[in-house]
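Here is a short note to read beside the structure. Take the points in order, and find each residue as you go.

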Amino acid sequence: MKFQNPAEESAMPTYRIMDADGKIVDNTRDPQSASDEEVIGWYKNMLTVSILDLIMFDAQRQGRTSFYMVSAGEEGVAVGSASALTPDDVCFLQYREQGVLIQRGFTLKEMMSQLFANKDDYGKGRNMPVHYGSEKLNVHTISSPLATQIPQASGAAYALKMQRLINPNTPERVVACYFGEGAASEGDFHAALNMAATKSCPIVFVCRNNGFAISTASIEQYKGDGIASRGLGYGIDTIRVDGNDIFAVREVMREARKLALQGDCRPVLVEAMSYRVSHHSTSDDSFAYRAKREVEEWKRRDNPITRLRKWMENKGIWNEDKEKEARAAIRKKVLQEFSAAEKVKKPPIRAMFEDVYEEITPEARAQMKELKRLIETYPKEYDVSQFEGGSKSLE
Amino acid sequence: MKACRRLTSVYRRSIASSTAKSRHYATQAPPPQRRLNLPTDFKNTPLLHHSSKTFSNTPGLPHSVPSTRLNLYQAVNAGLRTALEASKDVLCFGEDVAFGGVFRCTMNLQSEFGEDRVFNTPITEQGIVGAAIGMAAEGARPVVEIQFADYVYPAFDQIVNEASKFRYREGHTGAGLGGMVIRMPCGGVGHGALYHSQSPESLFCHVPGFKVVMPRSPTQAKGLLLSAILDSEDPVIFMEPKILYRAAVEEVPTEDYRLPLGKAELLKPGADLTIISYGRPLYNCSAAIQAVEQERGVSIELIDLRTIYPWDRDAIIESVSKTGRAIVVHESMVNYGVGSEVSSVIQESAFLSLKAPVKRLGGWTTHTGLAWEKYIFPDVTRIYDAILESLDY
Ligand SMILES: Cc1ncc(C[n+]2csc(CCOP(=O)(O)OP(=O)(O)O)c2C)c(N)n1
C-alpha cells in the first residue's frame with residue numbers, strides 16, 4: 001500500500017523560450033513564424049497597457065475616475081496569449097487583461113469611454129471601470145463576481161462546437177477564458193473544468209498566477225502544485241508557462257488552441273506564472289501586506305516588457321530612440337483620448353431602466369415617470385445636465 | 001406589543017381549530033364528516049380541459065385541433081420535443097436527463113435528438129447554469145434542468161449576479177440570454193420534507209432580469225414552455241409543481257402553440273372577491289370557492305398569475321377594483337412571499353375599492369418538516385376560512 005504524497009512529486013516544469021535577458025533558450029521554438037513588424041506590434045501593445053496604467057492610476061488618485069486596476073507585470077500573458085487567437089475566437093476575461101483587448105484591436109477611445117462611463121461606453125455606463133466588453137471583438141463584458149465567467153466560457157465553447165456540427169462551414173473557433181489563481185479557488189472553477197472535460201469543449205483556460213489575490217499570497221490560496229496540477233485531475237491537457245516570456249506564452253497558446261480543436265475537441269489548461277507588480281487596484285495599498293523591496297526586486301529582475309525589448313535590441317530592430325518615440329506617441333494618444341472621453345456626456349438616464357428585460361416592464365415605466373416627476377419637482381436637488389437628454393430621456 | 005399579542009392569538013386560534021380535525025390527516029381515508037379538505041378531484045376540476053371542446057375558453061389555445069390526454073410531465077416532455085424539433089439551437093441538459101429524468105420529463109429525447117443536444121452533466125448546479133449562460137450568449141437556446149428547486153442555490157450566484165444582469169451589463173454589445181430556460185420541479189409532494197418541497201419563486205422575483213413562470217396544468221406547461229424557449233429574449237425560470245406531474249391530466253393540443261408570458265389567466269369570473277394564485281394551490285382555491293358559493297350565493301373570481309414576475313398587474317388591479325376583496329394564495333412561505341408584493345400593489349392601486357384587508361395565505365413561517373406538510377401549505381379549509389373572513393369583514 002502506498003499513499004501518493006504530493007510533496008514527493010516533482011513540480012510541473014515551467015515552459016520558457018527566452019530568458020530574462022531576452023536570449024532564446026529553446027531554439028526549436030524561436031518565434032521565427034512572426035515578422036519583426038508583428039513582434040514590434042506586440043511590444044507596443046504591452047507598452048500601451050503599461051502607459052495607460054500609469055495615467056489611469058493617477059487619474060483615479062486625482063478623483064477624475066472612480067476606480068482602476070493596473071496589470072503591470074502581466075502584459076506579456078495578455079498580449080502573448082491574445083496574439084495566438086483568431087479574431088473569431090471568443091474571450092471571457094476576469095479584469096486584469098487589458099492587453100487581450102488591446103491586442104484584439106480595442107481602441108483607446110473605446111477604453112476611455114468605458115473608464116469614464118460616458119455615452120459611448122458599450123456597457124452604457126452601467127459597469128465599474130475596467131469592466132470592458134466588445135461585440136465586434138468577441139469579448140464578453142467583464143463582471144465583478146470572481147470565476148463566474150469560467151463555467152460560462154465552457155458553455156460558450158460547447159455552443160461553438162455545436163455551431164460547427166450544425167454547419168460545418170462555420171470557421172473553427174475556441175473560447176479563451178482568463179482568471180487569476182485566487183479565482184481558481186471558487187467552486188465555479190471546479191464546475192467549469194469538469195463540465196468542459198466531460199463535454200469535450202474547445203476551450204483554453206488561462207490562469208494568471210501572479211502570486212497574490214489582493215493581500216492573500218498563493219501559499220494561503222492552495223497547498224498543491226499551483227493551478228496546473230489540478231488540470232490533470234480533471235483529465236485536461238495542461239501546461240505551465242513563464243508568463244513574463246511573451247514568446248513562450250504565444251507558442252503555448254497556439255498549440256493549446258490547436259489541441260482544443262483536435263478530434264472531438266477538448267479543453268486545455270494553461271497556467272502562466274508572473275508576479276503582480278502593482279497594487280491590486282486603486283483601492284488597495286499592497287505595502288500593507290508585502291515589502292516594497294520585494295516588489296522593486298521583481299520589477300528590476302524580470303518584466304515581460306524589458307525582456308522583449310532586450311530581445312528586439314539584440315536583434316537590432318529596436319533602440320533607445322525608437323523606444324522614446326514610441327513612448328511619447330502612445331502617451332500623447334492616451335492623453336488625447338483621455339481628455340476627449342472626459343468631456344463626453346453620460347448616457348441618458350433612461351438607460352438605467354433599459355435592458356433589464358428586452359422590453360421595459362410596466363412597473364419600471366411607472367418608476368421612470370416617478371423619477372422624472374421628482375427631478376422636475378426638485379430641479380435644484382438634481383443636476384441632470386451631464387446626462388444626455390437630461391430628464392427628457394425618461395419619457 | 002398589544003398588536004403583536006392580538007396577532008399571535010389569531011394565529012393560535014386558527015392553528016387550534018385545524019388541529020382539532022387534523023388527527024386524521026396522516027391516515028389514508030378521510031374521516032366521513034370531512035367536507036373541505038378532500039383530495040383534489042382532478043377528473044372533474046374545472047381547471048383542466050377534460051375535452052378539447054373547452055380549449056376555446058383559454059385565450060391562446062388553438063381550437064378544433066387534434067389533441068391528446070397528457071399529464072404534466074408528458075406535456076413538459078411534449079413541449080421540449082416540439083422545441084427541439086423547431087430549432088437546432090435548442091439544447092437540453094442537466095443531471096440524469098439522458099435516461100429520461102427522475103420525473104420522466106425528458107423521456108426519449110436523447111434517442112430522438114442525439115447525445116449532442118440532450119445530455120447528462122456532472123452534478124454541479126452552478127456549472128449547469130453557468131454553462132447555459134455561456135451557450136445562450138453564443139446564440140444557443142439551452143433548456144436546463146435543476147433536479148429539484150431545493151437544489152438551485154448552488155447556482156444562485158449564476159442566476160442572480162450573472163444571468164439576471166447579463167443583458168444589462170452587456171449594453172450595446174447586444175448579448176442577451178434569449179431562449180435560456182431553467183426548469184425545476186418545485187412544491188410539496190406530501191413527503192418531500194426539507195429538501196424536496198421548496199418553492200423559492202419569490203427569491204427569484206426580488207432580482208429583475210428573469211421571467212418566473214409556474215404552470216398549473218399540462219396545456220399551460222407546454223404552451224408556456226414553448227414561449228419561454230422559442231419566443232422569449234429574456235431568460236426564464238420555469239417551475240413545475242411536481243405533485244401535478246402525474247396527477248393533472250387533460251387534453252393538450254398536439255401541435256406547436258404558445259401561451260403568453262407575463263399574462264394572467266382569468267379562470268372564473270366573479271363579483272364579490274378575487275383570489276389570486278398560481279400552480280398547485282389553484283385546485284384548493286377552486287374547491288374552496290365551490291364550497292363558499294354554494295353556501296353563500298356569492299361569486300368569486302379566480303385568477304391564475306401564471307407568470308409570477310414580471311406579473312400582470314393590470315389584470316389583478318382591474319379585478320380587485322371590481323370585487324373590492326382579494327386573497328393571494330401560494331405554497332411558499334407567507335413572509336416576503338409573492339403575496340406580499342401582490343397585496344401591496346393592490347393596496348397602492350385599488351385602495352378606494354377595498355372593502356376588506358387583502359389577505360395573504362402561504363406556507364407558515366417554518367421549514368417543511370416531514371410530518372406536517374399538510375398543515376404547512378394552505379389547504380381548502382384555510383382558503384375557505386379566509387374567504388368567509390374577507391366576505392364578513
Ligand atoms: C465572488 C467574489 N469574491 C470576492 C471578490 C473580491 N475580490 C476581487 S478581486 C479579488 C482577488 C482575486 O485574485 P486573483 O484571482 O488571484 O486575481 P488577481 O487580482 O491577482 O489578478 C477578490 C477577493 C469578488 N470580486 N468576487
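1. Ala, Val, Leu, Ile, Met, Phe, Trp, Tyr, Cys and Pro count as nonpolar. Asp, Glu, Lys and Arg count as charged. The others, Gly among them, count as polar. Now apply this to the shell around the ligand: it divides into seven nonpolar, six polar and four charged residues. Keep in mind throughout that this is a predicted model.

2. Stay with the ligand. How many residues surround it? The count is 17. The closest are A:Tyr95, A:Arg96, A:Ala183, A:Arg208 and A:Phe212.

3. Next, look at single atoms around the ligand. A:Tyr95 places a polar side-chain atom 2.6 Å from a ligand oxygen atom. A:Gln94 also has a polar side-chain atom by an oxygen atom of the ligand, at 3.1 Å. With A:Ser144 the backbone takes part: one of its polar backbone atoms is 3.0 Å from a nitrogen atom of the ligand. On its own, the ligand has 590 Å² of accessible area, and the protein covers 73% of that.

4. Turn to the two chains. On the chain B side, 46 residues are in contact with chain A. They meet 43 residues of chain A. About 3,700 Å² is buried between the chains, and carbon and sulfur atoms give 58% of this area. Which three residues supply more than any other three to the area that chain B buries? They are B:Glu138, B:Tyr168 and B:Arg169, with 21%.

5. Polar links also cross the interface. Between chain B and chain A, 21 residue pairs are in polar contact. The salt-bridge rule finds two across this interface. One of the salt bridges joins the side chains of B:Arg313 and A:Glu363, at 3.6 Å from N to O.

6. Which elements of chain B give two or more residues to the side that touches chain A? They are β3 (118-120), α4 (125-137), α5 (156-163) and α6 (166-170). The most comes from α4(B), which gives nine residues. By class, this side of chain B holds 16 nonpolar, 14 polar and 16 charged residues.

7. Over all chains, the count of salt bridges comes to 59. Take A:Lys310 and A:Asp21, whose side chains meet at 3.9 Å, N to O. A:Lys310 lies in helix α10 (residues 304-315) of chain A, while A:Asp21 lies in the loop between β1 (14-15) and α1 (36-61) of chain A, so this pair ties together parts that are 289 residues apart in sequence.

8. Two backbone details deserve a check. Is the peptide bond from B:Tyr309 to B:Pro310 cis or trans? The bond is cis, with omega near -20°. B:Pro310 sits in the loop between β12 (307-309) and α11 (313-323) of chain B.

9. The other detail is in chain A. A:Asn138 has phi near 55°, a positive value in a residue other than glycine. Where is A:Asn138 placed? Look in the loop between α4 (108-115) and α5 (149-166) of chain A.

Methods: Residues numbered from 1 in each chain as written. Chains lettered and ligands numbered in written order. Predicted model: local features only at pLDDT ≥ 70, side-chain atom pairs only at ≥ 80, totals over all residues. Heavy atoms only, no water. Contact = heavy atoms within 4.5 Å. Buried area = accessible area lost by both parts, 1.4 Å probe. Salt bridge = Lys/Arg side-chain N within 4 Å of Asp/Glu carboxyl O. Polar contact = N/O pair within 3.5 Å; in protein donor to acceptor, adjacent residues only side chain to side chain. Helix = DSSP H or I, 4+ residues; strand = E, 2+ residues; numbered from the N terminus. Near = heavy atom within 4 Å. Areas by Shrake-Rupley, 256 points an atom, 1.4 Å probe, with all protein chains shown as cover.
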